[in-house]
Amino acid sequence: MSVRTIVILVLLIIVGALLFDTLFIVHERERALKLRFGEAVSVYGDADAGLHFKIPIAEEVRVFDGRILTLDTPAQRYFTIEKKPLIVDLFVKWRVGDVERYYTATSGDEQRASTQLEDRVNEGLRNQIGRRDMHEVISGERDLLMNELTANLNGVMSEDFGITVIDIRVKRIDLPDEVSDAVFDRMNSEREIEARQYRATGQEIAIGIRADADRQATVISAEAQRESEKIRGDGDANSAEIYADAYGQDPDFYSFYRSINAYVKVFEGGNTMMVMDPSSEFFRFLKEEQP
């Protein structure tokens with residue numbers, strides 16, 4: 001191969017490399033910044049996706065992720081206005097908004113941008129929680145707190161770093177272990193006191209119910225006893241009246257009937273022994289001849 005041929009091949013390779021270096025592609029999920037000797041000259045966003053040209057050597061292109069990114073911060077300790085500690089774990093949704101400003105502030109380093117964002121989030125959240133009590137942070141004004149923090153942080157990060165803060169959400173809010181134990185013990189004591197109060201109230205009601213039931217039972221029993229005595233008295237009176245009427249109609253027969261019944265009850269066992277005067281009235285109907 002001649003020297004001329006080699007030179008031509010080398011020139012073709014150089015020209016091809018230069019031509020290839022003039023082309024670059026921007027995807028829909030990316031943001032791009034074209035620099036000419038280190039100075040920003042063009043910004044490419046969503047609407048600029050596709051094939052583009054640049055001047056070799058003089059211009060370079062820096063490409064950044066244009067999607068929504070997530071910053072998952074480690075749980076931090078914050079203090080409420082009552083100086084009560086809370087452990088807050090949250091995450092931030094953000095994206096590159098102003099590409100040129102983002103590059104100027106962070107040199108396009110996503111890790112550096114995340115660090116700056118995390119510092120601003122912690123500072124803003126510390127200020128927000130420090131103005132509220134525990135109830136407001138946990139439930140009362142939690143949404144308002146996050147909305148204010150998102151709006152304030154978005155203004156700061158957009159102005160200083162070209163970052164758009166889309167949303168900030170709390171994953172969980174916990175008490176520190178030492179506080180959790182104390183709160184649990186206090187809640188346990190309160191529930192135990194409440195349980196004792198319920199048991200005492202229940203016992204008091206039960207005693208009242210039993211006393212009322214005993215009273216009603218006594219009253220019912222007394223009324224039943226009174227009624228039975230009345231019925232028994234009426235029966236005895238009726239019986240006495242019937243016996244009196246019968247005795248008045250035939251006194252001799254009534255005496256004979258009573259004596260016969262007495263003999264039956266006395267001698268029905270067959271082994272009854274009695275020591276009595278034979279002339280006793282009891283044996284009158286056994287001695288006398290009846291007409």
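A: Among contacts between residues at least 6 apart in sequence, 60% join residues at least 24 apart in this predicted model. The chain has eight helices and nine strands, and 23% of its 291 residues count as buried.

The core itself comes next. In soluble globular proteins, nonpolar side chains tend to be buried together. Here the largest nonpolar core has 33 residues. Those with the most contacts inside this core are V88, L90, V92, W94, L117, L125 and I168. Each of the following elements supplies at least two residues of the core: the strands β2 (30-36), β6 (69-72), β8 (85-96) and β9 (163-174), and the helices α2 (99-106), α3 (110-130), α4 (134-140) and α5 (142-161). Apart from this core lies another, of five residues, among them F24, V26, A32 and V61.

When residues up to four places away in sequence are not counted, L117 touches L71, V92, W94, L153, M157 and V165. Two of these partners, V92 and W94, are themselves among the residues with the most contacts inside the core.

D89 is placed in strand β8. Because its relative accessible area is 11%, under the 20% limit, D89 counts as buried. Leaving aside neighbours within four places in sequence, D89 is in contact with D72, T73, P74, A75, V170, K171 and R172. T164, in turn, lies in strand β9. With a relative accessible area of 29%, T164 is partly exposed. The C-alpha atoms of T164 and V96 are separated by 6.1 Å, although these residues are 68 residues apart along the chain. Beyond its neighbours within four places in sequence, T164 is in contact with K93, W94, R95, G97, N154 and S158.

At its start, a side-chain oxygen of D98 reaches to within 3.3 Å of the backbone nitrogen of E100. The buried residues of α2 are V99, Y102, Y103, A105 and T106. An α-helix has 3.6 residues a turn, so residues three or four places apart point the same way. V99, Y102 and T106, all on the buried list of α2, may be read with that spacing in mind. T106 is buried, with a relative accessible area of 0%. Residues up to four places away in sequence aside, T106 touches R112, A113 and F161. Just after α2, S107 takes a positive phi of about 60°.

L23, I25, L51 and F53 form a nonpolar patch on the surface, with about 410 Å² of accessible area together. The elements that give two or more residues to this patch are β1 (23-26) and β4 (50-53). I25 lies in strand β1. Why does I25 count as exposed? I25 counts as exposed because its relative accessibility is 52%, which is over the 50% limit.

Definitions and conventions:
Residues numbered from 1 in each chain as written. Predicted model: local features only at pLDDT ≥ 70, side-chain atom pairs only at ≥ 80, totals over all residues. Heavy atoms only, no water. Patch = residues over 30% accessible without salt bridge, like charges linked within 9 Å, V, L, I, M, F, W, Y side chains within 5 Å. Areas by Shrake-Rupley, 256 points an atom, 1.4 Å probe, with all protein chains shown as cover. Salt bridge = Lys/Arg side-chain N within 4 Å of Asp/Glu carboxyl O. Helix = DSSP H or I, 4+ residues; strand = E, 2+ residues; numbered from the N terminus. Buried < 20%, exposed > 50% of the residue type's maximum accessible area, 1.4 Å probe, protein only. Contact = heavy atoms within 4.5 Å. Core = buried A, V, L, I, M, F, W, Y, C linked by side-chain atoms within 4.5 Å. Polar contact = N/O pair within 3.5 Å; in protein donor to acceptor, adjacent residues only side chain to side chain.
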